[in-house]
Amino acid sequence: MAADTLVIERLNRTFSSPAGDVAALSNIGLKVKKGEFITLIGPSGCGKSTLLKIVAGLDSDYSGTVLLNDKPIEGPSIEKGFIFQEPRLFPWLTVEKNIAGNLSLKDPKVRAKVDELVALVRLKGFEKSYPRELSGGMAQRVSIARALLRNPEVLLLDEPFGALDAFTRAHLQEVLLDIWQKNRTTMLFVTHDLDEAVFLAERVVIMNPRPGHIRTVLPIDLPFPRKRASQSFQELRRKVLSEFEKVEEPAVDHDHGAGI
Amino acid sequence: MEKTAATPLVKGKAGSKRRRRNQIQLNNILLAAALPIAILIIWEAAGAMGKLNPILLPTPSKILEEFVSLTASGELARHLGISAWRALLGFLLGGGLGLAAGVWVGFSYKTERLLDPTLQMLRTLPHLAIAPLFILWFGFGETSKILLIAKRHIFYPPFYVNTFLGIRSVDGKLFDVGRVLQFSKWHMITKLIIPAAMPNILLGMRLSVGVAWLVLVVAEMMGSSSGIGFLINDARSFSLTAVVFVGIIVFAVVGKLTDSLVKLLERRLLRWQDSYKGDETL
């Protein structure tokens, strides 16, 4: 048994607004093993992005326990890479400088690592390009490389491929699995795409809104590389979908679960 | 469309496009020059016919003559050098302070509430009202002139206000990136805020530099024994109108040159921008 990298227990997060308090997350409990690939899926407003932000250290206004390597989370740190929904590149920096971030490319160690990452995300030849010259998929690959620069133990991904077309998305999923298999980075991947959730994960966490909580966790026992057309894949997909439909039903009460 | 078939040596589309662009540029220059040239010709002709009072309005050729003699004696270069030096010092002092104030106030909400009201009040003080005070305090020497220009740079809206606005308009999402990558406060400023605010800062700089030259004349005309402003003022008291014209033209040309310099800087520093550059064929 591998050790748990991430332990979440009795986690609650409430957003206060003039209209009253909204429970975004209620009694979340989740244990993630080292090197595991987890996808979080659920309808919008189920708090999956909020959960990710808490793990990232971007949101500290919660109650409960969140431990990374047995230590409580105290803000952003180098062990946690974060990939946003949009690439969020610095438009005034070239691709390689965006990847290097606040580290200097003159440092030979940084230089070597950046070159390695450029190759890994298949962007050779675009090192000196500016973000405006890149397509959406290329830009998102740059942001993946940027997050990997400091060798994070955990990579937190907030619907990173949501805005991309189907072909680019499929390609980047392969790139990500490639990285995962090479580096054994623990992955926490938020998505609203059923296919994506099943294709990538070892375990799919299905979340329910109002208040956001974990409905169920489904293991996906399929060997990699997975084939979307295979019968076993389709069966698991149906299983997740049926859980999903159970999720959707009671969600027709009042509508103040702000889209988070 | 022109008949490209009539010119068999077309180097494909790119070649004809470039030629077309050059043509347009040439046309633009000719068009822009037409009015000034026409005025110069009429002016010269009127002067030659004795229709103008040569003391009040010397002819262009007379002004050119004066320009040549002032240049040859080195007098013009000396005054221009002194003026430029003052403008530069004032710019560095005022621009530096304006930039620092803009960054500081832009960065912190507390500082904004502390400093901004005062700065906004000082900004509205008319320059001509302050000038006598500066002269009283610092005398007719260099200090008062440089401080006057510096004051202009700090408080005239462009530098301080534009820096401030530039910082406040930095995309909050990029701040999250900075936090995730664990940028220090210093890196947040140097790697994120300043580059993101650079378009605004440079715009402020351009407006500011232009106005600084205007302030300089006022400062030099109020009391000075050197500089282009002095040259103009001195010539005026001796009714050397041609010299006044030379001074004015030098100011105009230098003003335009500094503007172009900042524009060049803008183009170099903001290469990354993906904004509409205007259609060159319109």
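In this predicted model, the axes of helix α10 (residues 228–237) of chain B and helix α11 (residues 241–269) of chain B come within 8 Å of each other and cross at roughly 160°. Since angles over 145 degrees count as roughly antiparallel, α10(B) and α11(B) are therefore roughly antiparallel to each other, and the crossing in which α10(B) passes α11(B) is left-handed. On the α10(B) side the contact is made by B:Ile228, B:Leu231, B:Ile232, B:Ala235 and B:Arg236, which meet B:Val243, B:Val244, B:Gly247, B:Ile248, B:Val250 and B:Phe251 of α11(B). The residues of this contact divide into nine nonpolar, one polar and one charged.

Elsewhere in chain B, B:Gly94 is found in helix α3 (residues 75–107). Is B:Gly94 buried or exposed? A residue is buried if 20 or more other C-beta atoms lie within 10 Å of its own, and B:Gly94, with 26 C-beta neighbours inside 10 Å, therefore counts as buried. The C-alpha atom of B:Gly94 is separated by 7.2 Å from that of B:Ile149, although the two residues are 55 residues apart along the chain.

Turning to chain A, six strands form an open sheet with mixed pairing, in the order β6-β7-β8-β3-β9-β10. Strands β6 and β10 (213–219) of chain A stand at the edges and have a single partner strand each, so one side of each is left without a neighbour in the sheet. On average, and with direction ignored, neighbouring strands of this sheet are turned by 20° against each other. Two of the pairings are set out below.

| Strand pair (chain A) | Sense | Bridges |
|---|---|---|
| β6 (residues 80–83) and β7 (residues 154–158) | parallel | four bridges |
| β3 (residues 37–41) and β8 (residues 186–191) | parallel | five bridges |

Within these pairs, A:Gly81 has A:Leu155 in β7(A) as its bridge partner, while A:Phe37 stands opposite A:Met187 in β8(A). Both faces of strand β6(A) are covered, with A:Lys80 and A:Phe82 buried on one side and A:Gly81 and A:Ile83 buried on the other. Helix α4 (residues 136–148) of chain A lies across β6 and β7 of chain A and runs at about 170° to β6(A).

Finally, the two chains touch each other through a contact that takes 14 residues from chain A and 14 residues from chain B. On the side of chain A that touches chain B, the residues divide into nine nonpolar, three polar and two charged.

Definitions and conventions
Residues numbered from 1 in each chain as written. Chains lettered and ligands numbered in written order. Predicted model: local features only at pLDDT ≥ 70, side-chain atom pairs only at ≥ 80, totals over all residues. Buried ≥ 20, exposed ≤ 12 C-beta atoms within 10 Å, placed from the backbone. Helix = DSSP H or I, 4+ residues; strand = E, 2+ residues; numbered from the N terminus. Pairing = 2+ DSSP bridges. Contact = placed C-beta atoms within 7 Å. Nonpolar A, V, L, I, M, F, W, Y, C, P; charged D, E, K, R; others polar. Axes fitted to C-alpha atoms, helices over the stretch in contact; angles between N-to-C directions. Parallel < 35°, antiparallel > 145°, perpendicular 65-115°, else oblique. Left-handed = near helix turned anticlockwise from the far one by under 90°.
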